[in-house]
Amino acid sequence: MRAGIRAIAADAEASFRGPRLLWRADPWDGWRATSPMKNVYVGAAGVILALAELRDRGLAETRLDLPALALRTLELFRARPDFQRGLALPDPPVAGLLTGETGILLVAWRLAPGPELEDRIHELVRANVDNEAEDVMWGAPGTLVAARELLGRTGAPRWRDACRETADALLARRGADGLWVQRLYGDEFRGLGTAHGLVGNVQALRPALDDERRRALERDAAAILARTAFVEAGLANWPYFERPDLAGADGQIRLQWCCGAPGVVCAAADYLDEELLLAAAELVWRAGPHGGEKGSSICHGTAGNGYALLETFERTQDGRWLDRARRFAVHALARVERARTERGRGRHSLWTGDPGVALFAADCLAARARYPLFDS
């Protein structure tokens, strides 16, 4: 596992194309967007964040000047934002944590703290309070994550106020059924998952609430997850949003971090009914690693599913789940190596590529679940 992590970091360094071109985007990651990709989700900021984490944990070395690269990535994004063309984006798109400027700023601030970066993050957090996306990718839940991190690292009163303002607004917009309405890409839906839905929003909110409101929110969310779960033969999964059948409109049943049981376990492991938690984790294990179409990533691949096994270990302290998570990590690292050989290059993005797999393997070595950004 350590060798696989080092290989991913070394490939990222060797594949760096310079301060103007950064890393080459995979066609899926750069679809309808401006190359190079800069954001945290599929762009350079995510790669920089992963390399910094691996370096700080003593698992990989890099000769790249990561603080300077983070600032350069911010400059490039401001000059040419990498939003997908032809999509109806939520307003304001620039504030998005995973897809906008906020995530890039957060990475830059962590590596090269400065008042101008902090002021701009604060400006975007405040501007994003009423974003209609209502998710962690674009909306206020995502910028709440950023505000929480700045509060934890600085203790400044303005960050406490920003967290309170965002949390209060989010809770006020929750529907009578306990869900939020996501208005995204021209659609409206009440999501259940991490990237666009209930458990992602609750995960962002929990640390920003007082104990009474946090416990009430957790109870409500646990009841919704119990109501919406599909349970069969001791296994459990969830659809993208509440519906009478598990398959989506395309007929697929998804089992990944961004949609389905792995993401629910990752975000809700602390408060989810334990029987339901174990049924969901068992499904992840029995289904096994993803195939070539989904790959190894932390978003919709093997590493993301493996995080659910790691979270289950943290909740239960049953070493069987740690062993299973580590088996997923070994498989994911081997698939990354094989894909790199077949393609002639790695896939350089945090959520959909190789660096996220390296962070998952690092967490398996440490026997702790720290899903990037959201568990930091």
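This is a predicted model: local features need pLDDT of at least 70, side-chain atom pairs count only at pLDDT 80 or more; totals for chains, interfaces and linings use all residues.
Residues are numbered from 1 along each chain as its sequence is written, and side-chain values use heavy atoms, with hydrogens and water left out.

**Exercise 1.** Work out how α12 and α13 are oriented to each other.

*Solution.* 
Step 1: Find the helices, which are DSSP runs (H or I, at least four residues) numbered from the N terminus. Here α12 spans residues 302–316 and α13 spans residues 319–343.
Step 2: Take the axes, which are lines fitted to C-alpha atoms over the stretch in contact, with angles from 0 to 180 degrees between N-to-C directions. These two axes come within 8 Å and cross at roughly 160 degrees.
Step 3: Angles over 145 degrees count as roughly antiparallel, and α12 and α13 are therefore roughly antiparallel to each other.
Step 4: Look at the contact (heavy atoms within 4.5 Å). Its residues include L309 and F313 of α12 and W321 and F328 of α13.

**Exercise 2.** Describe the length of α13 and find its buried residues.

*Solution.* 
Step 1: The expected span is 1.5 Å times one less than the number of residues. With 25 residues, α13 reaches 36 Å from its first C-alpha to its last, close to the 36 Å expected.
Step 2: Buried means under 20% relative accessible area (1.4 Å probe, protein chains only). Among the buried residues of α13 are L322, R324, A329 and R340.
Step 3: Their cover includes α1, α11, α12 and α14.
Step 4: Just after α13, G344 takes a positive phi of about 85 degrees.

Methods. Angles under 35 degrees count as roughly parallel, over 145 as roughly antiparallel, 65 to 115 as roughly perpendicular and the rest as oblique. Buried means under 20% relative accessible area, exposed over 50%, partly exposed in between (1.4 Å probe, protein chains only).
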